[in-house]
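User: Can you take me through the strand pairing in this one?
Analyst: Go ahead, pick a spot to begin.

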Amino acid sequence: TLVTHGLPQPHGLRVARGLEAAVREAGATPATIGILAGRVHVGLDARGIETLAASNAVKVNPGNLAAVVAAGIAGSTTVAATAWAAARAGIRVFATGGIGGVHRGAERSFDVSADLTELGRTPVAVVSAGAKAILDLPRSLEVLETLGVPVAGYGTGDFPAFYSRSSGLPVSVSVADAAEAAALLRAHWTLGLQSGVLIANPIPEAAEMTDAESFIAQAVAEAEDQGVSGKQVTPFLLGRLAELSEGRTQAANRALIVNNARVAAEIAVELAK
């Protein structure tokens, strides 16, 4: 979804290419995941990525995956659907921008991302800049703890807040580098634990936005006023953030995604050892 929904074109396609290059440079093999003509692809080729980026792809989670496949249409996988596909292909590590979580106002809307549920039952490691900053981060962490998903800060003891390096919330464990992260993953799954692991990797310092919360608050208020709900909330908020920040959130998004891909590749290399 970061290729088709997280960034407008042509930025989504450019970032997709940049992510694969970053993975290769770190010594790992990239496998971009998506759905074309009702078939799940784990490792899209260059033409496949271009086709996905240009398509009117449906945002896919485990709840509508079968419907998209049955309809024979294009789909872009959320963290939840990507975790599902990666695990079935034997892939243990993948990168994204930020995971979904508990939405602000979920006590009224009950809007909680399927990403959390999938991480609780699928043995993959997700490298992300924490959860999307538009979410209720304390409640998202509480749900992850309930589901038995370790949250490991990569070089930090604080949970990243996507555009910011710290949310002020503690992680459950800290790892110093890729080797320590791989050791944690190996121990987690050797013990027979079947949940995923979230590797929370802060945005690079040069790309950090310290004023993001003011833009987020305005965008969230506008979404509520306009009655935006369900799967449309995140694309709406990301689009408004880009407008309100005059493109700065998109630049930060691109920087953190590439950084996450590099770290994920380094962890995958260590895990393979």
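User: How do strand 5 and strand 6 pair, and over how many bridges?
Analyst: This is a predicted model. In it, strand 5 and strand 6, residues 125–128, are joined in the parallel sense over 3 bridges.

User: Which residue of strand 6 is opposite Val93?
Analyst: Ala125 in strand 6 stands opposite Val93.

User: What packs on the sheet there?
Analyst: Helix 9, residues 178–190, packs on it. The helix touches strand 5, strand 6, strand 7 (151–154), strand 8 and strand 9 (197–200). Its direction makes about 130 degrees with that of strand 8.

User: What is the strand order in that sheet?
Analyst: The order is 5-6-9-7-8, in an open sheet of 5 strands with parallel pairing.

User: Why is one side of strand 5 and of strand 8 left without a neighbour in the sheet?
Analyst: Strand 5 (93–95) and strand 8 (173–175) stand at the edges and each has a single partner strand, so one side of each has no neighbour in the sheet.

User: And how are neighbouring strands turned against each other?
Analyst: By 25 degrees on average, direction ignored.

User: Switching to strand 1. Which way does it run relative to strand 2?
Analyst: Strand 1 and strand 2 (residues 39–42) run antiparallel, joined by 4 bridges. Ile35 has Val40 in strand 2 as its bridge partner.

User: What about the turn?
Analyst: The two strands form a hairpin with 2 residues between them. Ala37 in that turn has a positive phi of about 50 degrees.

Technical notes: Residues numbered from 1 in each chain as written. Predicted model: local features only at pLDDT ≥ 70, side-chain atom pairs only at ≥ 80, totals over all residues. Heavy atoms only, no water. Pairing = 2+ DSSP bridges. Axes fitted to C-alpha atoms, helices over the stretch in contact; angles between N-to-C directions. Contact = heavy atoms within 4.5 Å.
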